[in-house]
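User: Hey, can you walk me through this one? I'm new to reading structures.

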Amino acid sequence: LYRGTKYKRFPNWLDRWMLCRKQLGLVALAFAFLHVFYTLIIPIRYSVRWKWMQYTIKESKKNQTAEYNQWWFWSVDLYLAMGIVGFGLFVLLGITSLPSVSNAVNWREFQFVQSKLGHVTLLLCTAHVFVYGSNKFLDISRYKWGLPLPYMLSLVIPCIVLVLKLILITPCVDSKITRIRQGWERNSKSESTEALTNSAPVI
C-alpha cells in the first residue's frame with residue numbers, strides 16, 4: 001500500500017516474518033490444544049475439588065444456599081461457546097495448512113480459509129477472553145502491586161491486529177488494496193508529468 005505496487009519485494013525482515021507465519025500458527029494451535037486439555041481436567045484437580053468441598057461444608061453449616069446468579073449463567077455459557085467455536089475454527093485452519101490439504105484446494109478457497117476464517121477465529125478467541133474477564137478488570141483487589149492481570153496481557157497483540165484489520169477493511173483503504181492486487185500501480189510525479197508531456201499535441 002505504501003509503495004503503490006505489488007511487484008516490489010517486501011523488506012527482508014518482513015519477508016522472513018511472512019514465511020514463518022505458518023510455523024507460528026502451528027505453535028499457537030499446539031498451545032490451544034494444551035489449553036483445552038487443561039480446561040477439561042480442571043474438575044479432577046485436587047485443589048479444585050477441595051475448594052468445592054469446603055464451600056459445600058461452609059454453606060451446609062450456615063444452613064443456606066447461594067443465590068442463582070444470572071450474570072454468571074450467561075457469561076460462563078457465552079465464553080465457553082465462543083471458546084469451543086473458536087477452537088473448532090482454529091483446528092480447521094491447522095488442517096488446511098497441511099500440504100496434502102492445501103494442494104487439493106484452489107487459491108480462492110485457501111485464501112478464504114486462511115484470511116477470512118482466520119480473522120473470525122481471532123475475533124472469537126479474543127471475545128472469549130474478554131467475556132471471561134469482564135467482571136474482573138474493574139475489581140481493584142485483583143491487581144496485585146498494581147500489575148495487570150495475565151489475561152489482559154494476552155489481549156494486547158490480538159486487539160492490535162483486529163484494530164489494524166478494521167482499518168484495512170474500510171472502503172477507502174480496501175478499494176485501493178484491491179486495485180493494487182489486480183495489478184494497478186501508482187505512478188510517480190515525474191512519470192505522470194512525462195506522460196502528460198508525451199500526450200500533448202504538437203503545434
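This is a predicted model: local features need pLDDT of at least 70, side-chain atom pairs count only at pLDDT 80 or more; totals for chains, interfaces and linings use all residues.

User: Let's pick a helix. How many residues does H6 have, and how far does H6 reach?

Analyst: H6 is made of 26 residues and spans 36 Å from its first C-alpha to its last.

User: Where does H6 bend?

Analyst: At Gly 118, by about 30 degrees. Gly 118 is also one of the buried residues of H6, which include Val 113, Leu 117 and Thr 121 too. Further along, Thr 126, His 128, Val 129 and Val 131 are buried as well.

User: What covers those buried residues of H6?

Analyst: The cover includes helix H2 (21-40), helix H4 (70-96), H7 and helix H8 (156-168).

User: Take H4, then. At what angle do H4 and H6 cross?

Analyst: Their axes cross at roughly 155 degrees and come within 8 Å. That angle makes H4 roughly antiparallel to H6, because the cut-off for roughly antiparallel is over 145 degrees. The crossing of H4 past H6 is left-handed.

User: Why give both an angle and a distance?

Analyst: Because two packed helices are described by the angle between their axes and the distance between the axes.

User: Got it. What are the angle and the distance for H6 and H8?

Analyst: H6 and H8 pack at about 135 degrees, and their axes are 10 Å apart. H6 and H8 are therefore oblique to each other. H6 passes H8 in a left-handed crossing.

User: Which residues meet there?

Analyst: From H6 you have His 119, Leu 122, Leu 123, Thr 126 and Phe 130. They meet Pro 158, Cys 159, Val 161, Leu 162 and Lys 165 in H8. Thr 126 is on the list of buried residues in H6 too.

User: Switching topic: how do H1 and H2 cross?

Analyst: The axes of helix H1 (residues 12-19) and H2 come within 4 Å, with a crossing angle of roughly 45 degrees. H1 and H2 are therefore oblique to each other. In H1, Trp 17, Met 18 and Leu 19 are the residues that meet Arg 21, Lys 22, Gln 23 and Leu 24 in H2.

User: Now the loops. Where is Leu 149 found?

Analyst: Leu 149 is in the loop between helix H6 (107-132) and helix H7 (150-153). Pro 148 lies in the loop between H6 and H7 as well.

User: Is Leu 149 buried or exposed?

Analyst: Leu 149 counts as buried because its relative accessibility is 12%, and the cut-off for buried is under 20%. Pro 148 has 39% relative accessibility, so Pro 148 counts as partly exposed.

User: What does Leu 149 contact, apart from its sequence neighbours?

Analyst: Beyond neighbours within four places in sequence, Leu 149 is in contact with Lys 136 and Arg 142. Lys 136 is 13 residues from Leu 149 along the chain, and their C-alpha atoms are separated by 8.9 Å.

User: And which residues does Pro 148 touch?

Analyst: Tyr 143 and Leu 153, if you don't count residues up to four places away in sequence.

Conventions
Residues are numbered from 1 along each chain as its sequence is written. Side-chain values use heavy atoms; hydrogens and water are left out. Helices (H or I, at least four residues) and strands (E, at least two) are DSSP runs, numbered from the N terminus. Buried means under 20% relative accessible area, exposed over 50%, partly exposed in between (1.4 Å probe, protein chains only). Contact means heavy atoms within 4.5 Å. The expected span of a helix is 1.5 Å times one less than its number of residues. The bend at a residue is the angle between axes fitted to the seven residues ending there and the seven starting there. Axes are lines fitted to C-alpha atoms, for helices over the stretch in contact, and angles run from 0 to 180 degrees between N-to-C directions. Angles under 35 degrees count as roughly parallel, over 145 as roughly antiparallel, 65 to 115 as roughly perpendicular and the rest as oblique. A crossing is left-handed if the near helix is turned anticlockwise from the far one by less than a right angle, and right-handed if clockwise.
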